Amino acid sequence: MTKAAFDNVIHAPNRLQICALLETTKELEFQIVKEQLDVSDSVLSKHLKVLEDANYIRLIKKTEFTRQRTWLSLTSLGRKAFKSHLRELKRIVGKI
Amino acid sequence: MNNEKETISKEEAAATLKSVDSTKRDAIQSFRIPLLLITLISLSYSLVVFSWGMTEHDNLWALGMYIGSASFGIFVAFYLYTFRLLGIKVNILPRSKERIKSELVLLLIFAVILILGRQFRVYEGFEYAPHIAALISGVYMVYLLYKYPTGEYLARNQK
């Protein structure tokens, strides 16, 4: 076992996947993230709340064409934390 | 938090990295641009390259360049708008160092093809240079838009 400086907020599987998804784009809508992760609204909301509280993601609610949409994006802090978490994983695996 | 961990095995770390990579890959694959739009964007760009290669003082190929540029802009805007309606906002400006590097390389490749297409015809007398340059640019554009619809580059066999 290797002692690792983990970011526990990010390391949970669903939250790690949320960060991975958000890293591929500028912003994603709640519904898209939900479909990609194949989880319920409540489960996703719970994980988003944890990430938002840590200031890793930003949630913006907008009404577009009379439809309420929630856009999610990684903050610069979140992007840094996600990258450093991945770096740590790679270090353990021995890729760095 | 009940999932807190301070230690992790090599195997667990490898599995986590693999799952992150597969999440990104699956997402990028599901964010595919419609083939018609890819074709239109690539054709309009090819028109720009071809017209630039054929432009002379006494012909109208400069018009092709303007039409190609305008169409390219419109189709790219439509691609961004379509994605936005689907719930995806694409990163237009690169955010990471790797992406800045890869986009500069791409820019250089497209610029070299564009310039050589004209130079070979004007200075070397190779009449088909603009045709070949347009074909290479178009095919390369199709490949990039199909493979990396969000602009995010993923290394092969990343585990």
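Helices (H or I, at least four residues) and strands (E, at least two) are taken as DSSP runs, numbered from the N terminus. The exercises below concern a predicted model.

**Exercise 1.** Determine which order the elements of chain A follow from the N terminus on, and how many helices and strands there are.

*Solution.* Step 1: read the elements of chain A from the N terminus, which gives β-α-α-β-α-α-β-β-α. Step 2: count by type; chain A has five helices and four strands.

**Exercise 2.** Carry out the corresponding assignment for chain B.

*Solution.* Step 1: the elements of chain B, read from the N terminus, are β-α-α-α-β-α-α. Step 2: the tally for chain B is five helices and two strands.

**Exercise 3.** State what share of the residues is buried in chain A and in chain B.

*Solution.* Step 1: apply the cut-off, by which a buried residue has 20 or more other C-beta atoms within 10 Å of its own. Step 2: in chain A, 33% of the 96 residues count as buried. Step 3: in chain B, 23% of the 159 residues are buried.

**Exercise 4.** Find what percentage of the contacts with a separation of 6 or more joins residues 24 or more positions apart in chain A.

*Solution.* Step 1: in chain A, such pairs account for 53% of these contacts. Step 2: for chain B, contacts between residues at least 24 apart make up 69% of those at least 6 apart in sequence.

Definitions and conventions. Residues numbered from 1 in each chain as written. Chains lettered and ligands numbered in written order. Predicted model: local features only at pLDDT ≥ 70, side-chain atom pairs only at ≥ 80, totals over all residues. Buried ≥ 20, exposed ≤ 12 C-beta atoms within 10 Å, placed from the backbone. Contact = placed C-beta atoms within 7 Å.
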